[in-house]
Amino acid sequence: MGGFNQTVVLDAIRRSPDGLSRVELADISGLSAQTLSNIARRLLDEGLILESGKIQLGPGKPRTLLTLNPSARFAIGVHLDPAVITTVILDLSGRVVSHSARRTPQPMDADAVISVMVEAVSDLLTETGVDVRRVLGVGVASPGPIDSDHGIVVDPPHLLGWERVPLRKALSTATGFPVVLEKDVAATAVAEIWGSHSESPENFIFVYLGTGIGMGLVSGGAVLRGTSQNAGEVGHIVVDPDGPVCFCGLRGCVAVTCMPQNLVEEAVRAGVHPGPVDKTDPSAVEEAFLELCAKARRGDSGAGAIIDRSATRVAKAVSVLTNALDFDRVIFGGPYWPMLSETYLALVPAALRKLTVAPHASDIRVEGTAFGTDVGAIGAACAVFDNAFSPDTRSLLLQH
């Protein structure tokens with residue numbers, strides 16, 4: 001119980017950039033003044049919070065403000081995308097201290113990829129001079145499926161040749177830090193939760209747009225990970241009944257109509273892109289896709305039609321989940337969001353309005369992430385903080 005109460009207090013201070021007095025913290029947490037005073041003293045002794053000035057709130061003595069000490073702890077986040085490996089260091093406030101992006105080695109040999117990750121982590125620590133004793137660990141956001149219990153990346157369709165790679169153990173051994181392995185779409189959702197200063201539970205869907213498409217689900221402020229920690233796979237939601245045959249046997253699934261590879265192939269068939277494009281090479285697909293998006297933004301009607309259709313298809317997939325789970329907020333992000341944002345923000349809200357069943361007081365909110373293209377890496381680092389500092393009611397259960 002003591003550990004849980006401490007995380008509640010630290011979380012309240014973290015979400016209040018201007019600081020909180022002990023009296024305010026007692027009101028927020030429901031803890032007694034004595035309990036709150038003891039917790040504040042422990043957090044001060046550990047250097048996690050600071051006393052930073054006083055404030056006069058009505059009659060009586062001024063109250064001392066307690067604020068977060070951002071440099072007390074750090075976390076490292078690594079996002080493995082088939083095209084690029086992004087690495088960040090975050091301080092305890094969630095601020096990005098340093099960032100790097102490196103091309104994912106091709107072919108995607110696991111040992112070569114892990115070597116790039118380790119090198120990126122080492123280089124950032126050297127560049128920033130962060131005290132490694134204050135680094136809580138490394139979070140890794142990886143395409144799924146993953147075996148969370150054993151820290152294994154199982155056999156992701158976009159990581160060719162990766163079959164049961166023990167990524168968590170390999171990175172921990174190489175860096176000397178504890179490692180948290182998250183599915184990429186879960187990590188993006190964690191970033192939104194951890195980075196929000198809202199004190200109320202959040203309910204939303206995060207739509208990740210990268211080499212693949214996935215959706216992170218958040219209900220009551222907690223990520224819905226599922227039994228195997230692989231929730232968010234939406235590849236076999238049908239969004240175009242007249243579309244191409246999917247390897248699952250259905251027609252027009254997300255997996256064969258909405259991914260950048262699919263859109264590039266569509267552009268080649270329509271003569272919008274000269275082709276051919278090696279679909280097994282993520283860098284070649286990325287280059288062609290970015291060119292397609294650029295053409296659409298310059299007003300090319302053929303390219304624009306392809307991107308418009310992709311927005312409508314993705315909206316159909318999103319609507320399946322917003323209807324099933326009664327969510328009223330959708331956040332888009334990922335490496336390709338900046339190129340797609342204008343079209344998606346113009347078309348997706350209206351499409352969802354037509355497809356929504358539940359009588360919401362207002363339209364479903366559709367917005368882009370505030371964390372830019374680094375959201376996967378930021379979420380991976382936030383997962384380290386989340387494991388260490390976020391209140392977890394499961395810790396209150398009696399252990400047998």
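Reply: Start with a helix pair. The crossing of α9 and α11 is left-handed. Keep in mind that the model is predicted.

Me: At what angle do α9 and α11 pack, and how far apart are their axes?
Reply: The angle is about 35 degrees, and the axes of α9 and α11 are 10 Å apart. Helix α9 covers residues 282-297, and α11 covers residues 337-355.

Me: Which residues meet there?
Reply: From α9, Phe289, Leu290, Cys293 and Arg297. They meet Pro338, Met339 and Leu340 of α11. By class, the contact of α9 with α11 has 6 nonpolar residues, 1 charged and no polar ones.

Me: Next pair. How do α6 and α12 pack?
Reply: Their angle is about 65 degrees, with axes 7 Å apart. That makes α6 roughly perpendicular to α12. The α6 and α12 crossing is left-handed.

Me: Who's in that contact on the α6 side?
Reply: Ala187, Thr188, Val190, Ala191 and Trp194.

Me: And from α12?
Reply: Val375, Gly376, Ile378, Gly379, Ala380, Cys382, Ala383, Phe385, Asp386 and Phe389. The residues of the α6 and α12 contact divide into 11 nonpolar, 3 polar and 1 charged.

Me: On to the cores. Which residues touch the most other members in the largest nonpolar core?
Reply: Val9 and Leu25, in a core of 44 residues.

Me: Which elements each supply at least two residues of this core?
Reply: Among the helices, α1 (2-14), α3 (33-45), α6 (184-195) and α12 (375-389). The strands β3 (63-68), β5 (84-91) and β11 (204-209) do too. The largest share of this core comes from α12, with 9 residues.

Me: Back to Val9. What is Val9 in contact with, leaving aside neighbours within four places in sequence?
Reply: Leu25, Leu31, Leu36, Ile39 and Leu43.

Me: How many residues are in the second core?
Reply: There are 41 in that separate core. Its members include Leu209, Cys258, Ala267 and Tyr336.

Me: Now the backbone. Which peptide bond into Pro107 is cis?
Reply: The bond from Gln106 to Pro107, with omega near -5 degrees. Pro107 lies in the loop between β6 (96-103) and α4 (110-128). The bond from Gly275 to Pro276 is cis as well, with omega near -10 degrees.

Me: Where does Pro276 sit?
Reply: In the loop between α8 (260-269) and α9.

Me: OK, what is phi at Gln229?
Reply: Near 70 degrees, a positive value in a residue other than glycine. Gln229 is in the loop between β13 (222-223) and α7 (254-257). Gln229 is partly exposed, with a relative accessible area of 28%.

Me: And what about phi at Asp326?
Reply: Also positive, near 60 degrees, and again not a glycine. Asp326 sits in the loop between α10 (301-325) and β14 (329-333).

Me: What relative accessible area does Asp326 have?
Reply: The value for Asp326 is 47%, so Asp326 is partly exposed.

Methods: Residues are numbered from 1 along each chain as its sequence is written. This is a predicted model: local features need pLDDT of at least 70, side-chain atom pairs count only at pLDDT 80 or more; totals for chains, interfaces and linings use all residues. Side-chain values use heavy atoms; hydrogens and water are left out. Axes are lines fitted to C-alpha atoms, for helices over the stretch in contact, and angles run from 0 to 180 degrees between N-to-C directions. Helices (H or I, at least four residues) and strands (E, at least two) are DSSP runs, numbered from the N terminus. A crossing is left-handed if the near helix is turned anticlockwise from the far one by less than a right angle, and right-handed if clockwise. Contact means heavy atoms within 4.5 Å. Ala, Val, Leu, Ile, Met, Phe, Trp, Tyr, Cys and Pro count as nonpolar, Asp, Glu, Lys and Arg as charged, and the others, Gly among them, as polar. A nonpolar core is a set of buried Ala, Val, Leu, Ile, Met, Phe, Trp, Tyr and Cys residues joined through side-chain atoms within 4.5 Å. Buried means under 20% relative accessible area, exposed over 50%, partly exposed in between (1.4 Å probe, protein chains only). Angles under 35 degrees count as roughly parallel, over 145 as roughly antiparallel, 65 to 115 as roughly perpendicular and the rest as oblique.
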